[in-house]
Amino acid sequence: MKHFRYLFPLLITGFLVACSGNQVKPNDTEANASGASSSSRALDSESSSVGIEDQQGVMLDALDDPANPLSVRIIYFEYDSAEVNQDSLDAVRSHGQYLSVNENRMLRLEGHADERGTREYNLALGESRAKTVRDLLILEGAQPGQIEIVSFGEERPAVLGSDEASLQKNRRAEIVY
Amino acid sequence: MRSLLLSIGFIVCMMMQPAFALLEIEISQGVESALPIAVTAISSDSSPQTRLITQVISADLHHSGLLGVVERERYPDGLINKKQVEYQQWRNNGIEALLVVSTQPISADQFRVEFFLYDLVRNKRSLAHTVNSNSQSLRRVAHKISDVVFKSLIGMRGAFSTRIAYITEMGMGKEKQYILRVADADGHNPRSVFMSNKQLMSPVWSSNGSKLAYVSFENERSEIFIQDMASGKREKVSSAPGLNSAPAWSPNDQQLALTLSQDGDPNIYILDLQSGKKRQVTSHYGIDTEPTWSADGDSIYFTSNRSGSPQIYRLSLSGGKVERISFNGRYNAAAALSPNGELLAMVHNNGQGYRIGVLNLRNDSFHVITDGGLDEAPSFAPNGSMIIFSTRRSGSTILSAVSADGRVQQQFRLQAGKVREPTWSPFR
């Protein structure tokens, strides 16, 4: 299941942030991974191996640059809305352009909702959010085959809590490379 | 996909041992006009079997809200036997019905349970029955007695022998477990029928009560499974690209309405369980989901945001006509139809939180019958008297039941975990 990441020339130096390396093919048989921890959580455990490469002076991917718009991996939404806010547009466009240039990279968009409203409606809403982001990526030149979509509705909140600040963090689409 | 019979795997678990965390029920609001009934053993019977049976029946009748079980202090003086009842004395104490129970052992683990129901207003014995039971089936026998007593006194079939299924979420973080459970209608005797470390949602009983359909994320995406309650066998029936969710059995159990997004936006499809063929029945941009069938199978109620916010719509399966049903409030979703087809319960929000609302389809009257902030997943009892749903209480989620007219509310308290998405079984 593990794929080695492709390394691209370093754009801006900087320390590594915890990000990603788990490439996912569209329609990848996730069943193989079932039982393991949730794939979005798997990101954390992969960051350390990349860190060693950094110490050895290996060139870094733009994805790993904390100053690059690509470091934004979570897009937030308003209540019962699947529209991408103006504030998030730059980040989404950067990911689209990145995919367009790096044709062998893939990503998964995970759509989520806050706890308000019914679970089934929220599952559909999470998918709508992921699809809005996908459509923007494609506008920037990404190929549909580079993008996988999954919705978890309100089933996997990022934070617990019912205050507006918590709910806001849960209405999101996560970009997972 | 029909052939894809899944064996019972590492996350599947048929646990038959009695669970320790029982649900308690408390009634938060009663009915003044409840018919006063005494439920008692005959004076010569102090057996634990009779005590259990009278306790279970008392709780059943009390929880209906329609019967008021009177305390022993209100009984008239004198012995209680099954042959002779001093009607006038009981009536003088304000008691209108008397249920007398006795149990005799007939072998090591076999009992003969007798019960007599007296109508103290009309001075007559209205029921006299004998049932055999072993020690394991005493609760079931008690629920059966509750059913016939309720029918005799209220004129409506009792639903005390039915079951509820629900999802329990236990533990935190990586230890989190999602458990599909089935319990008696009074919350006792919960059994875990499926367990996973990934999310489960939307359980729903087949129309004949032999199977549950539900959504599982065990493969990191939503897929629909059907599980047979007798054998525990599971079958994956839908795993199309995109959403596979919101299963709803047709009245004859041969089809499953469900939500798929394989062709773009989430729409309602009908899956023929024999052939595995799928037919798309709604086609609209935006979200269509949460289908539920009318009793005659001719139409499907569903949630759609085609007007901007979620509302309930009805689709005629013969003509394909879609009409909007809900007009009260900005959020109406997850419709549940009463067994007689007259009432439509739904999750309703008009700015005061998510509550259960009931729309009378005959006269279009609409009433909000709960007062929570995040009440969800309404499901009717098969006799239409009560609606079970999930509600937030002090940071956790518990089950609650409310009479369809909103007058009686009771809560099922679980001692551990969050309990949600109840679905009430049909009659057995």
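Hi everyone, let's start at one serine: leaving aside residues up to four places away in sequence, Ser88(A) touches Ile75(A) and Tyr76(A). Please keep in mind that what you see is a predicted model. Where does Ser88(A) sit? Look at helix H2 of chain A, which covers residues 86-101. And is Ser88(A) buried or exposed? Its relative accessible area is 12%, which is under the 20% cut-off, so Ser88(A) counts as buried.

Asp80(A) is placed in the loop that runs between strand S1 (74-76) and H2 of chain A. Its phi is near 50°, a positive value in a residue that is not glycine. Why point that out? Because most residues other than glycine have a negative phi.

Ala334(B) belongs to strand S23 of chain B, residues 331-337. With a relative accessible area of 14%, Ala334(B) is buried.

Now let me step back to chain A as a whole. How many helices and strands does chain A have? There are four helices and four strands. Going along the sequence, they come in the pattern α-β-α-β-α-β-α-β. Of the 177 residues in chain A, 52% are buried. If you take the contacts in chain A with a separation of 6 or more, 77% of them are between residues 24 or more positions apart. The accessible surface of chain A is about 8,000 Å², and 53% of that belongs to carbon and sulfur atoms.

As a reminder, side chains of opposite charge can pair when their charged atoms come close. Over all chains, the structure holds 29 salt bridges. One of them, in chain A, pairs Arg116(A) with Glu164(A), and their closest N and O atoms are 3.9 Å apart. This pair links distant parts of the chain, 48 residues apart. Arg116(A) is in the loop between strand S2 (107-112) and helix H3 (119-139) of chain A, while Glu164(A) is in helix H4, residues 164-170. Arg116(A) is partly exposed at 22% relative accessible area, and Glu164(A) is also partly exposed, at 43%.

Let's move to chain B and follow one glutamate. Which side chain does Arg221(B) meet in a salt bridge? The partner is Glu223(B), with an N to O distance of 3.6 Å. Arg221(B) has a relative accessible area of 21% and is therefore partly exposed, whereas Glu223(B) has 3% and is buried. Glu223(B) also forms a salt bridge with Lys236(B), where the closest N and O atoms are 3.3 Å apart.

My last stop is a patch of positive charge on the surface. Which residues gather there? They are Arg140(B), Lys144(B), Lys151(B), Arg157(B) and Arg428(B). Take two of them in turn. Lys144(B) lies in helix H3 of chain B, residues 138-154, and with a relative accessible area of 46% it is partly exposed. Arg428(B) lies in the segment that follows strand S31 (418-424) of chain B. Its relative accessible area is 55%, and since the cut-off for exposed is over 50%, Arg428(B) is exposed. What does Arg428(B) touch, not counting residues up to four places away in sequence? Its contacts are Arg157(B), Ser161(B) and Arg163(B). If you want a distance to check on your screen, the C-alpha atoms of Arg428(B) and Pro382(B) are separated by 9.9 Å, with the two residues 46 places apart along the chain.

Terms used: Residues numbered from 1 in each chain as written. Chains lettered and ligands numbered in written order. Predicted model: local features only at pLDDT ≥ 70, side-chain atom pairs only at ≥ 80, totals over all residues. Heavy atoms only, no water. Patch = residues over 30% accessible without salt bridge, like charges linked within 9 Å, V, L, I, M, F, W, Y side chains within 5 Å. Areas by Shrake-Rupley, 256 points an atom, 1.4 Å probe, with all protein chains shown as cover. Salt bridge = Lys/Arg side-chain N within 4 Å of Asp/Glu carboxyl O. Lys, Arg positive; Asp, Glu negative; His and termini not counted. Charge placed at Lys NZ, Arg CZ, Asp CG, Glu CD. Helix = DSSP H or I, 4+ residues; strand = E, 2+ residues; numbered from the N terminus. Buried < 20%, exposed > 50% of the residue type's maximum accessible area, 1.4 Å probe, protein only. Contact = heavy atoms within 4.5 Å.
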